Amino acid sequence: MNKVLITGLGAVSCFGLTKEDLFKGLSENLCGFKKFESWSDIKGLNCHIGAEVENFDNKFIPRKKRRSMSKMSEMAYLATLDALADAGIALGEIEEGHPVNPMRTNLIYGSTTGSPTTLESFYKKYFESGGEGQLSTSFFKVMNHSVAANVALGIGYRGPLIAPSSACSTSNQALILGMELIKVGLYDVVVVGGADELHPSSVGVFDIVHAAARGYDDKPHTLPGPFDKNRPGLVVSEGAGVIVLESESHMKLRGGSSYGEILGGAYQCDGIHMAQPDQKSMSETMFRAIENSHLSPHEIDYVNAHATGTVIGDVLEGKAIVDTVGSKVPISSLKGHMGHSLAACGTLEVVASLLMAKEKKLIGNRNLTELDDELKDSNFLFNDENLAIEVFLSNNFAFGGMNSSLVVRCH
Amino acid sequence: MLSKEDIIVRVNETFVSEFEIDPALLKPEANLFTDLELDSLDGVDMLIHLEDNMGVKFDSEVFKEVRTLGDIYTKVEQLIAQHPEMEKRNSDTV
């Protein structure tokens, strides 16, 4: 089995357009939440806050590449350029770096759906005039593999491409899939990405099931964070995270360096309920990921939780983590800082966790002031801690009972 | 009724705003595909943008023979002359 190394990182988040911006925002305990006044006009929507990627000027992308991209593809494209430059490899036609054999590479990118912004404008026009007046490029923004295909077109990549989609588990699942493909020797390099763009319909999806934060429209930065006793629910955000995976032999041959190694992972559908998480299934997934990594639970040094801030999900995941790795392991979620970026959160959180390990600084749960009563006697981080870690586990869970856990050894 | 000059201004505005083409290249003899580097997708969307910007409805079949920017000026002028109701609609929307 090949070792699977992480050799490049790219991140576009509510804190900026680079991975450095991401870590700086987290380190400074910033919060990307803000109120969107226009959302108040949407009938039935009870949450009007989100976290967006601001000051994103897409004009750096040539028009013929940009015309089929929505914001999620544009963010993924930018994060891809950064990740490939970070790794020092040239996957397509436009980057500088070590050239790779495209038939020994794979691109695995996903989003929750195609562009919700374009879907809105497409159907608005559709209901007004049917097919008349529809731009030819609209479909390329709403098709399910829009992000993957647009990134490939953007960099001029010709080779295998997969576009998995499992909502909030998308990019964590994509990382595990990439790891498996390299482990068995099918590919030398797999570039993995997840992206989503902020749209009130995404907020509405969570609001319908009472999972979106209510009551904090005018004070979003004070919103009690994940695992807090008074957490009101989640805040939707946007972004893109891209990670370059590479076999150890390929990286050594070209003289590259790595942030860490993906040791193992597991993804499984609980087959129980579309919306209600299941504690036992989450714990099983974490156990399988640890087992798949040939480790024991006590070897996990830190858990980056999915914890979005929902009343039910946080407590069940928290208990499942403690069931799996014990009560001493530090646990935090980054969604109190940057919200829930849906398909992007898996890769973004792994990028952030690797940077935490590099800087020997664990980012705590933002606005965790009083722990949920059901999570007592455990190590949920109230504050940042200067702590060196070697191995972390990262969770992401999604509607449809999609559970995923990934284990990474940091270098 | 839109003058020929008005039509040229409107068409050129569309090419600059939607296809980000350097205004200096917008000459009547400019070939849409070789000089202005439009492709088949741009061709489809060009009609929609022109319709939106000029308030008229184009028959895509008529535009199949269009090759230069000057051809577009002429087609739009003919269309407006043949369909005064469009010109009225157009005036209303200006």
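This is a predicted model: local features need pLDDT of at least 70, side-chain atom pairs count only at pLDDT 80 or more; totals for chains, interfaces and linings use all residues.
**Entry 1: the interface**

I began with the contact itself, to which chain A contributes 13 residues and chain B contributes 14 residues. Together the two chains bury about 1,000 Å², and carbon and sulfur atoms account for 47% of that area. On the chain A side I noted that Arg63(A), Arg67(A) and Ser136(A) supply 46% of the area which chain A buries against chain B, more than any other three residues.

I then turned to the polar side of the interface, where four salt bridges are counted between chain A and chain B and nine residue pairs are in polar contact, both residues of a pair being at pLDDT 80 or more. Helix 2 of chain A (residues 63-66) gives three residues, the largest share of the side of chain A that touches chain B. By residue class, that side divides into seven charged, four polar and two nonpolar.

The side chains of Lys19(A) and Glu20(A) meet at 3.2 Å, N to O; Lys19(A) is buried at 12% relative accessible area, whereas Glu20(A) is partly exposed at 48%.

Glu93(A) and Arg158(A) form a salt bridge at 3.6 Å, N to O. Glu93(A) sits in the loop between strand 4 and strand 5 and Arg158(A) in the loop between helix 6 and strand 7, so the pair ties together parts of chain A that are 65 residues apart in sequence. Both Glu93(A) and Arg158(A) are exposed.

Glu248(A) and Lys252(A) also meet in a salt bridge, at 3.6 Å from N to O. These two residues are four apart in helix 9 (residues 248-254) of chain A, which means that about one helical turn separates them. I noted Glu248(A) as partly exposed at 25% relative accessible area and Lys252(A) as exposed at 58%.

**Entry 2: helix 7 of chain A**

I checked the length of helix 7 (residues 170-183): at 1.5 Å a residue its 14 residues should span 20 Å, and the end C-alpha atoms are 20 Å apart, which agrees. The buried residues include Leu175(A), Ile176(A), Met179(A) and Lys183(A). After helix 7 comes Gly185(A), with a positive phi near 90°.

Technical notes. Residues are numbered from 1 along each chain as its sequence is written. Chains are lettered from A and ligands numbered from 1 in the order in which they are written. Side-chain values use heavy atoms; hydrogens and water are left out. Contact means heavy atoms within 4.5 Å. Buried area is the accessible area (1.4 Å probe) that two parts lose on being put together, summed over both. A polar contact is a pair of N or O atoms within 3.5 Å; within protein, one must be able to donate a hydrogen and the other to accept it, and residues adjacent in sequence count only if both atoms are side-chain atoms. Ala, Val, Leu, Ile, Met, Phe, Trp, Tyr, Cys and Pro count as nonpolar, Asp, Glu, Lys and Arg as charged, and the others, Gly among them, as polar. The expected span of a helix is 1.5 Å times one less than its number of residues. Buried means under 20% relative accessible area, exposed over 50%, partly exposed in between (1.4 Å probe, protein chains only).
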